[in-house]
Each structure stands twice: as C-alpha cells, then as structure tokens.
Amino acid sequence: MPLQRLPLEDAELAFDPHWLAREDADALFAALRQGIDWEVHRIRLFGREHDSPRLSSWIGDAEARYRYSGALFEPRPWPAALLPVRARLSAELGARFNSVLANRYRDGRDAMGWHSDDEPELGPAPTIASLSLGAPRRFALKHRRRDGLKAALELGHGSLLVMAGPTQANYRHALPRTARPVGERINLTFRAIRPR
Ligand SMILES: O=C(O)CCC(=O)C(=O)O
Ligand SMILES: [Fe+2]
C-alpha cells in the first residue's frame, strides 16, 4: 500500500502503516537494537540540562553535524542495515537524506516531549521521514497557534510517517509516556541537514 495523505490543516503528512513488511521490520529492529551504540543524550529544557528519557544515536554522513536541544552532535557512521532503507526512502520520497536520529524507547516511561524539528540546519520546510519499529506507541501533534487543531496516530511496527512542508513550522509533536505495559520501540527520523 502506498503512502496515504493524512488530512490535517496547516500540515503535510503522509502515512503508511506497513511500509516495511513484518519480516523486514523484525530484522531491522534486531540489527539496530544490537548494532547501534545507544547513548543517553543530554537535552536542555527551560535552560537546564537533563538526561533525555530514552536512548539515542545521531547517525549520518560526515558533514551532517547537528545542533539539537542545545548540544552539538557529530554523526556516527551508518550501520549497514540502514543503507537500503535510506536508499528506498530517497527514491520514494525524492528527498536526499544525509542523517537519521535514532531513538529507543525501552518502555512506557521513555518518551519525547513536545517539540518541532525546526533547527536552522533543517531549512524552513523540512521533509522528515519517521520509521517506527517494535511496540506501537501513540504519536501526537498539536498546532502551535490554532487551539483545537490536533491529531494522534498509532505508530506501529514497520510504519512510516512523513512530515513535510509547513508541518514543523505550524505544529509541535510528542511521543507521550504511557502507563500501559509496552515493549521496546525504535524510531528513526531521516533528515537532510545543511551544514552551517
Ligand atoms: O519517536 C517518535 O516517533 C518521535 C521522534 C521525534 O519526534 C524526533 O526524533 O524528533
Ligand atoms: Fe521530532
């Protein structure tokens, strides 16, 4: 099934719940869980440094340095398992991704707070391709200025969500904590970074 446009005013979203076949998603999850050097990134929130509540790795081509939540990240090299995924995304989306932020949510306490991916390195209308593996989690979006404009969707194993155009300028998004018992999840956000 191809990517389906999701109707949400002031956003440009496309979704495919089964972008990766089950077996391919299983294999990629296992390869990344074991093959990435997962770290706890420090993030700045309201002027204070904290450990982020998840494991992360910033991966990319050498030029893809990235300032994220107040810290500068030098990219790690691409794991072999990600190269065919990057090539397929680039071909299907007509976008040239040079980096990916990998996040691993160990259980329902791991999460990501409200933010927009609007760092200057991404440019004004970035195309960000978000591939999810493992346990399904709820992903929420809310408009930055227009009260009541919001959406939520479940990002399951092998699903692809593409956020493009004005989405980051107009919306924040989050991966909320949950008290439900949930298994591990890995999310990959493919990005095109323009070096400063
Ligand atoms: O885990 C997710 O689905 C969200 C990740 C995200 O928003 C990000 O990496 O910027
Ligand atoms: Fe994000």
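Helices (H or I, at least four residues) and strands (E, at least two) are DSSP runs, numbered from the N terminus. This is a predicted model, in which local features need pLDDT of at least 70 and side-chain atom pairs count only at pLDDT 80 or more, while totals for chains, interfaces and linings use all residues. Residues are numbered from 1 along each chain as its sequence is written, and chains are lettered from A and ligands numbered from 1 in the order in which they are written.

Let's start with the whole chain. Its secondary structure comes to three helices and 15 strands. The radius of gyration (taken over C-alpha atoms) is 16 Å, close to the 16 Å from the globule rule (2.2 Å times the number of residues to the power 0.38) for 196 residues, so the chain is as compact as a globular protein of that length. Its C-alpha atoms fill a box of roughly 40 × 40 × 40 Å, taken along the principal axes.

Now to the annotated part. UniProt, in an unreviewed entry, places the feature "domain: Fe2OG dioxygenase" at residues 96-194; UniProt positions are given in the numbering used here, feature names are shortened, and annotations may be inferred rather than shown by experiment. Over residues 96-194 the chain is 4% helix and 49% strand, with its end C-alpha atoms 11 Å apart.

Finally, look at ligand 1. The residues around it (C-beta atom, placed from the backbone, within 6 Å) include Asn103, Asp117, His173 and Asn187. Strand 8 (99-105), strand 14 (171-175) and strand 15 (185-191) are the elements that each give two or more residues to this shell.
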